[in-house]
Amino acid sequence: TSFFPLFYAALGKPFPEEPRRELARHMERNQAEDGYLGDHVAAAFHMAHFYRLLGEPTPKAERMVARVLRDQKADGGWDIKEPDWDVHAAFDAVFILRQLGGDGPKVRDAIDRGAGWALRCRNEDGGFGHFPGRRSDMDAVYFQLGTLIMAGRVPGARLDLPDAHTLGWGHAMQP
């Protein structure tokens, strides 16, 4: 869902109005009262990212943030579905919190705990796995590092890039 406006932004073109409206209507029709899509943090991330790329408010944003906060596990992660479904759950949740959650203590604490979880996915080879104890792979490195950047744990990482909307899935976007 968030791929389309990202693709057009990378081309320097506006996302066409009719497909934008149809995607928005589809998401809003399928959005649960708690703000999630498909009972899954990844789908909620794509909705939040879609609206963020368009510069429009995310529907039911406060409820979405509340659900993300409720879903965080004691270990700091958000992998509440079968593990292979939630390989980017911490990144997705931290993005939602950072973009929509404000700067309150509960949100800051959840982001910090999510960063701690991402660090526990780091391996001796310097890479990251999708979960603690899993082998390193580039996809996991990208998303765990993105989580750490959003959490402010990577010294020198810039979050004020003029083309941040084209740099991947949004870790460099200012809220």
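T147 is found in helix α7. Helices here are DSSP runs of H or I with at least four residues, strands are runs of E with at least two, and both are numbered from the N terminus. The model is predicted, so local features need pLDDT of at least 70 and side-chain atom pairs count only at pLDDT 80 or more, while totals for chains, interfaces and linings use all residues. Residues are numbered from 1 along each chain as its sequence is written, and side-chain values use heavy atoms, with hydrogens and water left out.

T147 has 0% relative accessibility and therefore counts as buried. Buried means under 20% relative accessible area, exposed means over 50%, and partly exposed lies in between, with a 1.4 Å probe and protein chains only. Leaving out residues up to four places away in sequence, T147 touches A90, F91, V94, G114, A115 and A118. A contact requires heavy atoms within 4.5 Å.

Helix α7 covers residues 138-150. The helix has 13 residues. From first to last C-alpha, α7 reaches 18 Å, close to the 18 Å expected at 1.5 Å a residue. The expected span is 1.5 Å times one less than the number of residues. Besides T147, the buried residues of α7 include A140, V141, F143 and Q144. G146, L148, I149 and M150 are also buried. The cover over the buried residues of α7 includes α5 and α6.

T147 also lines the largest cavity. A cavity is a set of points, on a 1 Å grid over the protein atoms alone, where a 1.4 Å probe fits but cannot get out; a pocket is an open set with protein on both sides within 12 Å along at least five of seven lines; lining residues have an atom within 4 Å of a point. The structure holds two cavities of 30 Å³ or more. The largest has a volume of about 50 Å³. A volume is the space filled by probe spheres set on the grid points, which are joined across faces, edges and corners.

The lining of the largest cavity draws at least two residues from each of α5 (89-100) and α7 (138-150). Helix α7 gives the most, with four residues. Other lining residues include D86, V87, H88, W117 and H130. By class, seven residues of this lining are nonpolar, four polar and one charged. Ala, Val, Leu, Ile, Met, Phe, Trp, Tyr, Cys and Pro count as nonpolar, Asp, Glu, Lys and Arg as charged, and the others, Gly among them, as polar.

The second largest cavity has a volume of about 40 Å³. Y36, D39, H40, V41, D71, W78, I80, K81 and D86 line this cavity. Four of these residues are nonpolar, one is polar and four are charged.

The largest pocket has a volume of about 170 Å³. Helices α5 and α6 (105-120) each supply at least two residues of its lining. The largest share, four residues, comes from α6. Among the lining residues are L97, R98, V107, R108, I111 and D112. M150 and P175 also take part. The lining divides into six nonpolar, one polar and five charged residues.

Helix α3 spans residues 41-54. Its 14 residues should span 20 Å at 1.5 Å a residue, and its end C-alpha atoms are 20 Å apart, which agrees. Ten of the 14 residues are buried, so α3 is largely enclosed by the rest of the structure. These include V41, F45, H49, F50 and Y51. G55 follows α3 and has a positive phi, near 75°.

L37 lies in the loop between α2 (17-30) and α3. L37 is buried, with a relative accessible area of 10%. M27 is ten residues away along the chain, and its C-alpha atom is separated from that of L37 by 7.3 Å. Neighbours within four places aside, L37 is in contact with M27, N30, Q31, A43, A44 and M47. A44 and M47 are among the buried residues of α3.

Across the protein chain there are seven helices and zero strands. Of its 175 residues, 45% count as buried. Among contacts with a separation of 6 or more, residues 24 or more positions apart account for 61%. The chain exposes about 8,900 Å², of which carbon and sulfur atoms supply 55%. Accessible areas come from the Shrake-Rupley method with a 1.4 Å probe, and for residues only the protein chains shown count as cover.
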